[in-house]
Every structure is written in structure tokens, then in C-alpha cells.
Amino acid sequence: QECQRCHQPLLAHAGPKEPAVAEGVTCDVCHTMSEVEVEEHGSSFVLDVSTNVKYGPRCNLKRHYFHDMGCSPLHETAEQCAACHNWYRDLKTGTMLPVFTTYPDWLAGPYPKEGKQCQSCHMPGTTAILAEGSPERSDVPHHGQFGADGSLRKRAVQMSVEVRDAGARVQAAITLANVGSGHFVPAGLPARRLVVRLDVLTTDGKQMASDERAFGRVLNDSGGKVVPFFMASRVASDTRIGPRQERTSPATLDAPGPGVLRVRLLWRPMAHAVAKLAKVPRLEDELLAETTIPFGAPASGGRKGLPHKVIDNQ
């Protein structure tokens, strides 16, 4: 029931065999939403499916043969997104486990004061038609959810890498800055991770050393095991990065000879430990940014090419 409220919201209004129910979050779900009640630990919403009104932010459109038009300022506000992106799980201990906190995280950040709603980034205006047969209009919200070019996630985080000589090793400081997201990153499902992968390679590409660190909200069960949210009883750690905040992580890796330090920033759909428990096949990481820094062999005067700093502007 907890999942169906948002993943199959039409189930409460139609039989389970109705095709639209199985389709999950369809056009009808958002465009029949007439009301959202935002509460501290969860939100509720009303779907107006008893009439033939489709709600949206444009209030100058005329009724036509297919459905009526409902003027809805709600559809241009973050409160509509809060209908599902604001949910805490009730625990038997009487406490609340934060699960989907994108809306309250946004609300506590700097973007609301600047008038930047969720739609500002996730549904930017484009020139398009509203429906088949209608004329092109300006500032039509793009419905891809990841920006008009689909690369919203890549633009959210800026990575900088500073590398120094440490004798037979190299020392790296990786800084991740949330420069483009109005909420914490990673957002959504707690099992999601931002991952920094470091590889020290020889000049011919062989691996000398590697390291990996992940950022996200880690949930544990009562025994201290990393688990999916539906098995969790507490937040073990939270290393997500807030809006306009940054996090620096140091690393020291063996580098007995000349080579290259390769640093990759990855978005992981689900932490491997959680995927295993949830019986989800391991998903592919998405590459957000990558940089390489060459360096020379250890020398009394220091390695050639170091220290070196790279700022990735993706």
C-alpha cells in the first residue's frame, strides 16, 4: 500500500485490470491532480477522476471536444512534486525513517527564496505543441524530467581533483560541489550513490592501484547491516551533498612508477549491497565526469607534473 499510493495511484479509482492502472504514473495522474496536502513527514494528494477536467498551469486555454481545461497554479509549484517526493516510513519504535525527502530538502535550501521551483530545472520551457493538432507555443514545459537536453544529472555536480607527490605514492583530494541541484545529491531512493572511482595506471594502461568511495544516505537494520529502506530501522550515515555545498574526500594511492591518475565520477542507481538484498540485478553506473592527470616517476626533486589541479565544469 505504501508503494502503490504513488506508483499505482489510479488503483484507488479504477479496477486493477484497467490498463491505465498498470501504466503507473501516466499523464492522467499529474493532470487530474487537483490538490496536494503537504505535511512534515509525508504528503497526500487528490485526483479528480470523476470529471473530465485535465489540470495544468495554462489558464487561457479553451475547452475542446476531448476534455475540459482546469486552471491549476499548483502545477507550477514544488508542492505538486511533494505529493510523492516527501515520504517518511513509520517504524515500530514510533520514530520516522526518512526515505524520500527531496521536497523538504529543497524547501530547506536556498532555491525557494530565489523562486526556483522543481519545474525550473526538471521541466524547463521549450517551444512545442501542447497536444497533437495544436499550434506551437513558447515556454511549454519539457516533460523529460532531466532538462531539455537530458543531461541535468551531469550538470548538478562539479568535480575538482588536486594531486600531490607523496614519495612512492600520490595523494589526491577530490572535491564534489553541488552547483546545479536545488536538493541534496544523490536524491530519491536512499540506495542511490554518487561514486568516485580512482585508478592509478601505468603509462601502458596497467593498473597499479585503485580506490572507490560512495556518497549517499546509508540505511541499516537493527543488526547494523546495509539494507533497503523497507528493511531499515535507522540512518547509519548521510554523506549526500546539499545545494551549493561541497564535500572533499582525500585518497592516497600506491604509484611506484610514472603513470596516470584517472578519476571518474559515477551515478550508481543502487548500492551493490542493497541490490543484492532486494534481488535486483546489478545495474550499470552512469559516467558523469572523468579526468586524467599524468605524473612522472618518483624523484628527489618531486614527480614531474605534480602538484596538479583539474576542475571539471560538467
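**A guided look at a few residues, a core and a sheet**

Visitor: Which side chain makes a polar contact with the side chain of Ser72?
Guide: Please keep in mind that this is a predicted model. Ser72 is placed in the loop between β4 (68–71) and α4 (78–82). At 2.7 Å, the polar contact of its side chain is with the side chain of His75.

Visitor: Is Ser72 buried or exposed?
Guide: Look at its surroundings: leaving aside neighbours within four places in sequence, Ser72 is in contact with Tyr55, Gly56, Pro57 and Cys59. The relative accessible area of Ser72 is 5%. Buried means under 20%. Because 5% falls under that cut-off, Ser72 counts as buried.

Visitor: And Val38, is that residue buried, partly exposed or exposed?
Guide: Val38 sits in strand β1 (residues 33–39). Not counting residues up to four places away in sequence, it touches Ser43, Glu79, Ala82, Asn86 and Tyr103. Buried needs under 20% and exposed over 50%. With a relative accessibility of 31%, Val38 is therefore partly exposed.

Visitor: How far is the C-alpha atom of Val38 from that of Pro186?
Guide: Along the chain, Val38 and Pro186 are 148 residues apart.

Visitor: Which residues touch the most other members of the largest nonpolar core?
Guide: This core has 30 residues. At least two of its residues come from each of β9 (157–166), β10 (169–178), β11 (193–202), β12 (207–215), β15 (246–254), β16 (259–268) and β17 (286–295). Apart from it lies another core of 10 residues, including Leu10, Val21, Phe45 and Leu74. In the largest core, those touching the most other members are Ile174, Leu176, Leu194, Leu198 and Leu265.

Visitor: Which strands stand at the edges of the open sheet of 4 strands?
Guide: The order of this sheet is β12-β11-β16-β17, with antiparallel pairing. From one strand to the next, the twist averages 15°. Two strands have a single partner each, so one side of each is left without a neighbour in the sheet. Those edge strands are β12 and β17.

Visitor: What is the bridge partner of Leu266 in β17?
Guide: Strands of a sheet pair through backbone hydrogen bonds, either parallel or antiparallel. Here β16 and β17 run antiparallel and are joined by 9 bridges. In β17, Leu266 has as its bridge partner Leu287.

Notes:
Residues are numbered from 1 along each chain as its sequence is written. This is a predicted model: local features need pLDDT of at least 70, side-chain atom pairs count only at pLDDT 80 or more; totals for chains, interfaces and linings use all residues. Side-chain values use heavy atoms; hydrogens and water are left out. Buried means under 20% relative accessible area, exposed over 50%, partly exposed in between (1.4 Å probe, protein chains only). A polar contact is a pair of N or O atoms within 3.5 Å; within protein, one must be able to donate a hydrogen and the other to accept it, and residues adjacent in sequence count only if both atoms are side-chain atoms. Contact means heavy atoms within 4.5 Å. A nonpolar core is a set of buried Ala, Val, Leu, Ile, Met, Phe, Trp, Tyr and Cys residues joined through side-chain atoms within 4.5 Å. Two strands pair if DSSP finds at least two bridges between them. Axes are lines fitted to C-alpha atoms, for helices over the stretch in contact, and angles run from 0 to 180 degrees between N-to-C directions.
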